[in-house]
Every structure is written in structure tokens, then in C-alpha cells.
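Student: Could we walk through this model together, with the cut-offs spelled out as we go?

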Amino acid sequence: MKTLFKGIKYLDSSTMLLIAGDIYIKDGIIVEAGKSLSVSNDVTVIDSEHLIAFPGLVNAHLHPSKEIYGSILDTSPIDVVLDSVHKNNEMETPEGQYAAALKALTTGIKTGVTTFGLFTSRADHDIKAAKLAGCRCVVNFCQSNTWVGKGHKPQYSSVDDALDKFDSALSLYQNALISVTPATASELSADDLLLLALHSVAKQNNTQFVLHVHEGVIQVEQHTREYGKSGIQRLADLNILDQSTTLVHCCHLSPEDIRLLKASQSQIIHCPISNSFVGAGTLPMSELQIDLNIGLGTDAAMVNPGNNLAFDAMFALYHHGDDDFSKKITAAKLLHMLTEGGAKTLGLKNVGKIENNFKADLIFFEKSEIDSDYINTPVSLLKLLNIENPSMVLINGSEIMIDGVFVKNEIKDNDESFKLLRKQIII
């Protein structure tokens, strides 16, 4: 399919401002974006002066099946959060997981998210939901073989079993929209052999190895008591703190941790609302953003009741540097984190920009249907993404939503299943 959106306003990723021009799409790829493009007669031309286009947003870190636990608590330490979840473990049946994951993904798509980093140890039903939703996703397939922390232990696998499970998932699920990468729950959930093995698999497959790390002072202290060093320092000593490793959170960092990170070329995923919710601390972005690529994630509904990626960006804009302007993040930086920056943390290339040869993952806003308040500044565009919902969503060039409605009717049927699940929640 060949389509030219003519006379459209779209986000220029170099300035993070809107510019006027044309976008030419063919077979799921942006062939060209620019002014007064010439195309052949077999191209469908759509007069698009009434539209504004953004690259689809990237929620780089999401636990989709945890959507059922949203709004249980105002804010709580992680152990209290986990206790609340464990009361409801019986709801995490395959059917419940699927309904919750589909709800999380479709809710994200409605707000303009087209790519997700799905962190899961039970991939089957999350991937089933992703396929129905039609989104692009990177499945961080979590494997663990030890636990030196407090609270609920993750599922255990031997190193050989973990690698076999990953190979099986890779062969079963990988396709044009779904990628599978190795992961472990945290620096507390894997011994050195598993960390090295998962990182090696990531390098061999040219993907990322993903783990939660330094999610607050308690986690850092538990790890230090066991290993005599922080999680960041242990990863560095194992020579796996590099461009193939993606770290989620990084909230509680010593000067030495920061030094090691800045030299590492690792990717970082920032989850600001989740980190504030559990009192984990704040990623020191101002010290890391020049040297490292950083994306944004909402984490899980149980620690982020809104679970709205653009709201996380607005929160980060004002949460950082609340008493020190040198620690502030710019709106332009956050727009990058929402798009191409987030894609890079997941190991995705050619995702997150409206430029030649990038994937045609696009969200469109009807000018007549959004508030007249917005102006052409990065902070105003961030506000637009936070408040408004796109009228049309394309993923890989295919229409996922038209006029604010999902193309697939089966998606609507899930709302009733999810509603029944939520009624069973034990508070």
C-alpha cells in the first residue's frame, strides 16, 4: 500500500517542533518525509492539512498483566504493594492475564503508544494480547535463578533451563512486530552465571539484556550485604555493563555508580511515577542524559495508577530539579525519550521518528477535535500528547484505530472480561 499524507503538520525530531510537509508511506515504511514530494500515479494521496502527526510513542517498560491492580493504593513501599498483589494471586489465571494485558495495551494505544517493552516471565498470554492489539512490542522474557532480597521470590530456572526457555520463546513468538530479548527480574534475582549467560545471548542476537536495578535504597543495601558491592558495580566487574544492557530504574546511585554508568554506553529506562510511588528515589538524569540514552516507562498499574506515558513525561518535567534548576529536564528531551530514545532502549532501530526509512508507526490528531490552546513549543506539544487522544493510529503502516475506534471489533469484547476481573479485587 502506498499513501501520501499531503500538507500535514508533523513532529520534526531534530527541533521537536511541528513543521509542514508531506509523508510518503509504502509497505509499512516511511519512504520520504519533506516538502512538496513527488509521487507516482499509483499512490493514494490524502489531503492532510487538517491533521497533526507524531511518531508513535514508546512505553519502554510495562508489566501488562498487572493492569488489574491499578488504584489499589495511593502510594506505598514496594513490600506493601507486593502484599496487596499477593492477596489477589488467584486472579492471575491465563485468562485473567490475557484480559489484563490486552486492557493495558489497548489503553496505551488509545493515548498514542504504538511500541511497548513488555516485561514478563509468562510470555504466552501477553504476546497473545499484543498480537490482537496489533502493537509493536519487545518482550523482555524474564528468567531468574536466585533471590537475595526480601518478599516474594521470582520463579526459578537453572541457567540451562533459562536459555532453553529463551530459545523456545524466540522461535515461537518472534515476527515483524514482536521481538524477544533476555531479561532477569533484578540484580537480586540472578547469580553471576545467569547474568553472564543472558547478556551473552543478547549480544549474540543483537538485542538488549534487560533488568531492574537499584530500585531504591533497600534493594541496593540488600545487594551490597550479599555481594559486597552495588548492583551497578557488580555488572561492571562482570563486563556486562555495556551497550547491550538496558537498566530499568537506577534510582539510588552512588558517585561511583554514576561514574561507571557514564562510561558504560548502557541504556536506561526511567519510570518516574513508579519510583515516586514506592519511595525508591529519583534517577539523576541531569548527570546521565548527556552520556547515555534514556527512555520512559510506566512500569505497572499497581505502582502507577494512571499508567499514562505522556503524564509520566509531564511529571518528570517538573519532578526533577524541584529545588535545583540544574537538575531540570527539557520538554524537548522528554519528547525524544517518548519516541526514538525509548525505541533505542529496547534495541529497536528505525522506530520513533518521522524520517526516511523509519517504521510507519504514526499517530494523528484532527485539528478540529483538539483544544485550540496548543502552540508550537516542545512543552505545548507534550501537553497535547498528555491531554488529547489521537483520532487515527498506524502501526507498521496498518490502521489500528480510525476515528478513535479500534478497527478490530474483538478488542471491545475484552472490556467486559476486564471489568469482571476488577470487581474481584481484594483491597
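Tutor: Happy to. This is a predicted model, so local features need pLDDT of at least 70 and side-chain atom pairs count only at pLDDT 80 or more, while totals for chains, interfaces and linings use all residues. Residues are numbered from 1 along each chain as its sequence is written, and side-chain values use heavy atoms, with hydrogens and water left out.

Student: What is the radius of gyration of the protein?

Tutor: The radius is taken over C-alpha atoms, and the globule rule is 2.2 Å times the number of residues to the power 0.38. For 427 residues, a compact globule would come out near 22 Å, and the value of the protein agrees: 21 Å.

Student: How many helices and strands does the protein have?

Tutor: Helices (H or I, at least four residues) and strands (E, at least two) are DSSP runs, numbered from the N terminus. The C-alpha atoms of the protein fill a box of roughly 65 × 45 × 40 Å along the principal axes. The protein has 15 helices and 17 strands.

Student: What percentage of the residues count as buried?

Tutor: Buried means under 20% relative accessible area, exposed over 50%, and partly exposed in between, with a 1.4 Å probe and protein chains only. Of the 427 residues, the buried share is 58%.

Student: What is the volume of the largest cavity?

Tutor: On a 1 Å grid over the protein atoms alone, a cavity is a set of points where a 1.4 Å probe fits but cannot get out. Grid points are joined across faces, edges and corners, and a volume is the space filled by probe spheres set on the points. The structure holds one cavity of 30 Å³ or more, and the volume of the largest cavity is about 50 Å³.

Student: Which elements give two or more residues to the lining of the largest cavity?

Tutor: Lining residues have an atom within 4 Å of a point, and among them here are Asn59, Leu62, Ala104, Gly108, Val113 and Phe116. The elements that give two or more residues to this lining are strand E6 (57-62), helix H2 (94-110) and strand E7 (113-120).

Student: How many residues of that lining are nonpolar, polar and charged?

Tutor: Ala, Val, Leu, Ile, Met, Phe, Trp, Tyr, Cys and Pro count as nonpolar, Asp, Glu, Lys and Arg as charged, and the others, Gly among them, as polar. The lining divides into five nonpolar, six polar and no charged.

Student: Phe5 and Phe364 form an aromatic pair; what is the angle between the planes?

Tutor: Rings of Phe, Tyr and Trp (its six-membered ring) pair if their centres lie within 6.5 Å; planes under 30 degrees apart count as stacked, over 60 as edge-to-face and the rest as tilted. Phe5 in strand E1 (residues 2-12) and Phe364 in strand E14 (residues 362-366) are 359 residues apart, and both are buried. Their pair is tilted, with 4.9 Å centre to centre and a plane angle of 35°.

Student: How far apart in sequence are the parts that Phe54 and Phe365 tie together?

Tutor: The Phe54 and Phe365 pair is edge-to-face, with 5.7 Å centre to centre and 85° between the planes. Phe54 is buried at 1% relative accessibility, and Phe365 is buried at 1% too. Phe54 lies in strand E5 (residues 51-55) and Phe365 in strand E14, so the parts tied together are separated in sequence by 311 residues.

Student: Which residue lies over the face of Tyr98?

Tutor: A charge sits over a ring if NZ of Lys or CZ of Arg is within 6 Å of the ring centre and within 35 degrees of the ring normal. Elsewhere, the charged end of Lys328 sits over the ring of Phe325, 5.8 Å from its centre. Over Tyr98, at 4.5 Å from the ring centre, lies Lys128.

Student: Is Ser71 buried or exposed?

Tutor: Ser71 lies in the loop between E6 and helix H1 (78-86). Its phi is near 70°, a positive value in a residue other than glycine. With a relative accessible area of 52%, Ser71 is exposed.

Student: What is phi of Asn357 near?

Tutor: Asn357 lies in the loop between helix H13 (340-345) and E14, and counts as exposed at 51% relative accessibility. Asn357 is a residue other than glycine with a positive phi, near 75°.

Student: What separates the C-alpha atoms of Thr106 and Phe406?

Tutor: Thr106 has its place in helix H2 and is buried, with a relative accessible area of 6%. Thr106 and Phe406 are 300 residues apart along the chain, and their C-alpha atoms are separated by 8.7 Å.

Key:
On a 1 Å grid over the protein atoms alone, a cavity is a set of points where a 1.4 Å probe fits but cannot get out, and a pocket is an open set with protein on both sides within 12 Å along at least five of seven lines; lining residues have an atom within 4 Å of a point.
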